[in-house]
Amino acid sequence: MARKDDIFKSFLEHDVLKSKYKLSDDDLNITLRQSLSSNIPIIKAIGLIVDASEKEKRDSDQTIHRLITQHLNTTA
């Protein structure tokens with residue numbers, strides 16, 4: 001599994017996704033590539049962010065993870 005797939009999976013494990021967005025395990029059991037065509041907006045958004053961040057390499061993995069986790073926690 002590629003590094004960006006690992007990063008994507010770590011976001012899908014966040015409790016907010018299941019509770020706030022009422023997503024099932026089946027909804028969350030997808031790859032980064034599958035997320036880019038997902039009909040679930042939050043899944044697609046996370047996929048797009050992870051995919052773009054990997055391509056541009058502007059920030060470290062920890063910075064990107066912290067920013068997205070902070071966003072999920074504040075919007076819950």
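A salt bridge is a side-chain nitrogen of Lys or Arg within 4 Å of a carboxyl oxygen of Asp or Glu. With that in hand, we can take a friendly walk through this structure, which is a predicted model.

## Charged pairs

How many salt bridges does a search of the whole structure find? The search finds 2. Side chains of opposite charge can pair when their charged atoms come close.

One of the pairs joins Lys4 and Asp51, whose closest N and O atoms are 3.2 Å apart. Lys4 is partly exposed, at 25% relative accessibility, whereas Asp51 is buried, at 12%.

Lys18 is partly exposed, with a relative accessible area of 42%, while Asp25 counts as exposed at 52%.

The table sets out the two pairs.

| Salt bridge | Closest N and O atoms |
|---|---|
| Lys4 and Asp51 | 3.2 Å |

## Helix H1 and the segment before it

Now to helix H1, which covers residues 3-12. Which of its residues are buried? They are Asp5, Ile7, Phe8, Phe11 and Leu12. These residues cover an arc of only 160° around the axis, and therefore they sit on the same side of H1.

In the segment before H1 you will find Ala2. Ala2 is partly exposed, and its relative accessible area is 36%. Along the chain, Ala2 and Leu32 are 30 residues apart, and their C-alpha atoms are separated by 9.8 Å.

Our last stop is Ser35, a residue of helix H4 (residues 32-35). Is Ser35 buried or exposed? Ser35 counts as buried because its relative accessibility is 0%.

What is Ser35 in contact with, leaving aside its neighbours within four places in sequence? The residues in contact with Ser35 are Phe8, Ile30, Ile43, Lys44 and Gly47.

Key: Residues are numbered from 1 along each chain as its sequence is written. This is a predicted model: local features need pLDDT of at least 70, side-chain atom pairs count only at pLDDT 80 or more; totals for chains, interfaces and linings use all residues. Side-chain values use heavy atoms; hydrogens and water are left out. Helices (H or I, at least four residues) and strands (E, at least two) are DSSP runs, numbered from the N terminus. Buried means under 20% relative accessible area, exposed over 50%, partly exposed in between (1.4 Å probe, protein chains only). Contact means heavy atoms within 4.5 Å. The arc is that of the directions from the helix axis to the C-beta atoms.
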